[in-house]
Amino acid sequence: LHALSHEKDMCGLRVLVTAGPTREALDPVRYLTNHSTGRMGYAVARAAAARGASVTLVTGPTELPRPAYMEVVEVTSAREMFQAVTALSASMDLIIKAAAVADYRPRSVAADKIKKSAEARDLSLPLERTDDILGWLGEHRRPGQLLCGFSMETRDLLENSRKKLAKKHLDLIAANNLREEGAGFGTATNLLTLITAERETPLPLLSKDEAAHRLLDELLALRSTRT
Ligand code: CTP
Ligand code: CA
């Protein structure tokens with residue numbers, strides 16, 4: 001319904017959305033990544049633009065068409081996403097981090113393709129932590145700026161999501177149920193619970209576009225209570 005009516009209730013708001021997976025190179029031909037398709041983040045970016053916001057989308061590699069009516073910044077790795085987001089964050093009113101950022105990357109990137117060895121049956125890869133982008137944003141927040149994260153869990157979804165809300169100093173976290181039919185990576189629908197310090201709102205199974213609008217509704221409601 002929203003998508004058709006396009007109520008322009010986000011005019012004048014500068015919104016940064018991140019979407020998609022990151023790729024962490026191992027050697028010139030291989031990388032570590034995850035199943036994120038970017039669809040939820042793109043839906044949020046499109047919904048905010050349709051409602052009149054000035055949107056910047058920082059996106060990892062996806063198969064999705066480049067969305068119109070917004071600035072698009074393409075990145076590949078968690079490090080590049082960190083640099084792009086932290087360079088833009090100071091001017092943003094609302095930051096929504098739907099990207100599935102790698103938590104670890106290979107400690108070193110081999111200059112040449114890693115060859116298999118005839119003797120070794122096993123191979124271990126030393127990994128190192130990436131920067132937590134949302135954690136950084138929570139610590140460098142501009143007054144009045146709202147921060148929204150997504151949470152992916154296969155167990156104890158709500159409990160773990162509440163912990164992330166507090167630990168990263170977020171205003172809202174959208175808890176994404178990966179264990180339900182029709183929800184999570186690569187699906188057209190999502191089953192989200194919107195968690196703030198004040199309340200928890202379980203959404204029904206919705207299209208990612210509709211879920212995006214409900215998420216923005218909740219953020220605008222929060223904004224009006226905070227300002
Ligand atoms: N996130 C981020 N930078 C990272 C890792 C995660 O900004 N290096 C953000 C994601 O974009 C998401 C939120 O943090 O909005 C939660 O991501 P999630 O993977 O669910 O939680 P983590 O804090 O990474 O904890 P864990 O993976 O151990 O559950
Ligand atoms: Ca993670």
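Select ligand 1 and Asp131: a nitrogen atom of the ligand is 2.9 Å from a polar backbone atom of Asp131. This is a polar contact, a pair of N or O atoms within 3.5 Å. The model is predicted, so local features need pLDDT of at least 70 and side-chain atom pairs pLDDT 80 or more, while totals for chains, interfaces and linings use all residues. Residues are numbered from 1 along each chain as written, chains are lettered from A and ligands numbered from 1 in written order, and side-chain values use heavy atoms, without hydrogens and water.

Next, select Phe150, where a backbone N or O atom lies 3.0 Å from an oxygen atom of ligand 1. Then select Lys168: a polar side-chain atom there lies 2.6 Å from an oxygen atom of ligand 1.

Now show the residues around ligand 1 (a heavy atom within 4 Å). There are 17, and Lys97, Ala99, Leu134, Lys164 and Lys168 come nearest.

Colour helices (DSSP H or I, at least four residues) and strands (E, at least two), numbered from the N terminus. Which element gives the largest share of the shell around ligand 1? Strand β9 does, with five residues.

Finally, move to the calcium ion, ligand 2. Its protein donors are listed as Asp103 (OD) and Asp103 (OD), 2.3 to 2.7 Å away. Donors are N, O and S atoms within 2.8 Å of the metal (3.2 Å for Na, K and Ca); water is not among the atoms, so sites may look incomplete. Asp103 is in the loop between β6 (94–97) and β7 (104–106).

How values were computed. A polar contact is a pair of N or O atoms within 3.5 Å; within protein, one must be able to donate a hydrogen and the other to accept it, and residues adjacent in sequence count only if both atoms are side-chain atoms.
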